[in-house]
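Hello,

Here is the structure I said I would pass on. Please open it first, then read the notes below it.

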Amino acid sequence: MNWATPIQYLRDHLKALKWILYLVMAAAVIFSALIPHPESHDPFEKTIGIPGFWSVFGLICCILLIRIMKGLAHTVLMKKEDFYG
Amino acid sequence: MDKFIHPALFFILGAFLIPVFKGWLKKVYLLAIPAAAFLTVVNMNIGVYGEINYLGFNIILGRVDSLSYVFAHVFTLMAFIGVIYGLHVKEDAQHIASFFYVGGSLGVVFAGDYLTVFIFWEMMAFASVFLIWFRREPASIKAGFRYLLMHVFGGLLLLAGIFLHYKNTGSMAFVMIPKAGAGVAEYLILAGFALNAAVFPLHAWLPDAYPEATVTGAVFMCAFTTKTAVYVLARGFPGYDVLAIMGTVMTIYGVCYATIENDMRRILSYHIISQVGYMVAGVGIGTELALNGACAHAYAHILYKALLFMGAGSILMMTGTSKLNKLGGLYKYMPLSLIFYVVGGISISGFPLFSGFVSKSMIVAGAEHAHHPVLMILMLLASVGTFLSVGLKLPYFAWFGKDSGLKPKEPPKNMLWAMGITSFLCFLIGVYPKVLYDLLPFKEAAAEYHPYALPHLSETIQILLFTGLGFFLLLKRLQPEAKINLDFDWFYRKLVDGFMWFDNKFIQSFDFGWGELYRSLGLKAMMAFAGFFAWFDRWGIDGVVDNVAYGTQEFGNQVRKVQTGNIQNYLAVALLVIFVIIGVYWFL
């Protein structure tokens with residue numbers, strides 16, 4: 001069996017795949033609003049119980065991580081491959 | 001089983017016989033050793049075995065309890081998988097090095113006293129460095145020496161701590177050290193352990209050395225050194241706040257560097273730091289749930305990290321490079337490796353149904369239940385970075401992305417089998433976590449924990465999905481760059497450079513000056529001295545010896561003249577002498 005076939009199939013239908021993923025994202029946020037959360041007066045527990053909180057968290061963290069680290073890399077950390085000789 | 005057979009024995013003694021076998025028999029033998037060790041561990045009974053009194057020290061070779069059991073279980077299992085992955089390797093020495101390495105880590109796991117810990121600890125360092133050197137690239141040789149340098153340094157910290165601890169307490173027993181009683185000695189031991197766990201800022205040896213190891217060697221290395229260190233930390237230092245904080249720092253530090261790294265195996269190495277960070281934090285939080293989590297995560301991590309290193313190693317072996325900027329479009333040629341790699345990638349990222357989901361969440365929940373919301377949030381931030389680098393960036397730029405023009409084949413069958421088996425185990429633990437939870441040290445806490453609770457599912461799915469969104473939004477910014485990144489190894493590389501400069505400048509010039517001084521002054525004095533003795537020898541000693549010889553010769557000459565050979569003369573002389581004697585006798 002050629003294992004590349006199913007992968008190629010997914011690649012050929014990238015647009016459909018994208019839309020499916022958008023729908024799954026929306027479903028995930030709706031799902032977070034539907035599940036029961038334990039009653040709590042703790043402000044931290046309350047915050048993380050907000051529907052879609054972790055979606056925003058994931059997206060923001062991802063963007064910040066890339067932006068900050070690429071910024072640091074290009075200013076300080078990144079050196080030529082023969083830097084240490 | 002009533003009798004205890006130390007599983008390390010299989011590896012250490014077994015290593016000597018590897019060169020004896022040839023062909024398929026060697027393969028069977030190589031597989032039989034870890035299989036026998038694994039079965040031995042599975043059938044072990046709790047207890048203390050192999051107690052020896054040596055020079056007044058109580059040596060304990062075989063402490064079997066629930067903590068050492070779970071680590072020995074995964075170590076022997078991993079050794080079996082690692083051997084499958086390396087079956088195609090022809091060089092016996094590589095197998096021998098990895099067997100000694102595994103034997104060392106098993107020795108540490110079952111050790112009940114610090115002396116035994118230390119001996120096996122050093123054995124691991126000295127066996128594993130060969131897994132780097134056997135790649136035989138100039139960069140590997142250098143990296144190996146740096147690796148050894150750091151581990152010898154860590155070993156010395158540990159040894160200093162052990163001696164001070166023994167001086168203070170009079171005991172070599174390796175047991176939990178209460179936080180209140182910890183002084184300089186105990187923190188030295190902790191630092192020695194922390195270096196092997198790659199705790200920031202003692203971590204730089206790991207991403208420096210592992211990417212330079214052999215393809216199969218790296219698979220072994222990623223499993224044993226850091227997890228042995230997690231074991232000893234869990235044994236000696238549970239509940240230390242410093243570990244909870246440093247562990248969380250590690251989780252973030254690792255993912256930050258992995259985001260900007262270009263070398264596949266270096267990305268994975270930074271993610272070892274990050275993942276071991278979860279375990280160190282779990283040990284530091286120190287509750288039953290968190291300690292269970294540390295053990296569970298060590299178990300799951302060994303499998304999926306080995307799987308990831310196997311996948312990246314396959315690419316390195318088949319294409320000759322592990323640099324992402326040179327790779328791309330491999331999915332057509334290495335699809336099976338991709339599938340197995342992705343299983344590892346989603347396991348480490350903590351996708352539901354895969355092993356990371358049921359193990360990492362235990363530590364995060366441990367932080368939440370122990371009221372450390374900051375640690376919890378930072379750990380979840382790290383899991384964003386994990387999925388970003390290991391789950392998305394690496395496979396995207398290696399197997400998809402731009403077409404690199406490379407047309408490699410899939411790796412040898414044994415490597416695919418090893419990846420397949422490990423993938424299955426990652427999946428099995430994910431869907432049936434009981435197989436893992438039953439091994440954990442705190443059974444009740446493990447039974448009470450349910451990873452597939454709805455809030456946890458919701459939280460994980462959201463984080464992962466939206467990390468994916470962020471990745472595709474910023475895909476252009478993540479393009480791999482053919483660069484290296486400064487890390488703490490800069491300090492010791494510079495320290496070594498500084499030492500070399502000092503050596504060249506001062507020590508060498510002193511050496512040179514001393515040589516000059518010796519040549520001009522010392523040599524002259526020596527020559528004069530020698531000249532005197534030559535003279536003395538010739539005119540003093542030789543004179544005496546020679547003159548004795550000359551004297552003897554001359555005397556001989558004179559005697560020769562007397563010895564004429566004429567009987568009459570002899571008789572006349574003899575009679576004369578007789579008369580003289582009689583005359584003398586007479587007159588006296």
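**Cavity and helix pair in chain B**

The lining of the largest cavity is made up of 4 nonpolar and 8 polar residues, with no charged ones. Please keep in mind that this is a predicted model.

How many cavities of 30 Å³ or more are there? The count comes to 1. The largest cavity holds about 80 Å³ of space. Its lining consists of G82(B), V83(B), G86(B), V89(B), Q94(B), H95(B), S98(B), L131(B), T214(B), T216(B), G217(B) and F220(B). Two or more of the lining residues come from each of these elements of chain B: α3 (66–85), α4 (92–110) and α9.

Next, the helix pair. Two packed helices are described by the angle between their axes and the distance between the axes. In chain B, helix α5 (residues 114–133) and helix α9 (residues 215–236) have axes that come within 10 Å and cross at roughly 160°. Angles over 145 degrees count as roughly antiparallel, so α5(B) is roughly antiparallel to α9(B). The crossing of α5(B) past α9(B) is left-handed.

Which residues make the contact? On the α5(B) side they are W121(B), M124(B), S128(B), L131(B) and I132(B). On the α9(B) side they are G217(B), F220(B), M221(B), F224(B), T225(B), T228(B), A229(B) and V232(B). By class, the contact of α5(B) with α9(B) has 9 nonpolar residues, 4 polar and no charged.

Regards

How values were computed. Residues numbered from 1 in each chain as written. Chains lettered and ligands numbered in written order. Predicted model: local features only at pLDDT ≥ 70, side-chain atom pairs only at ≥ 80, totals over all residues. Heavy atoms only, no water. Axes fitted to C-alpha atoms, helices over the stretch in contact; angles between N-to-C directions. Helix = DSSP H or I, 4+ residues; strand = E, 2+ residues; numbered from the N terminus. Parallel < 35°, antiparallel > 145°, perpendicular 65-115°, else oblique. Left-handed = near helix turned anticlockwise from the far one by under 90°. Contact = heavy atoms within 4.5 Å. Nonpolar A, V, L, I, M, F, W, Y, C, P; charged D, E, K, R; others polar. 1 Å grid on protein atoms, 1.4 Å probe; cavity = no way out; pocket = protein on both sides within 12 Å on 5 of 7 lines; lining within 4 Å. Points joined across faces, edges and corners; volume = space filled by probe spheres on them.
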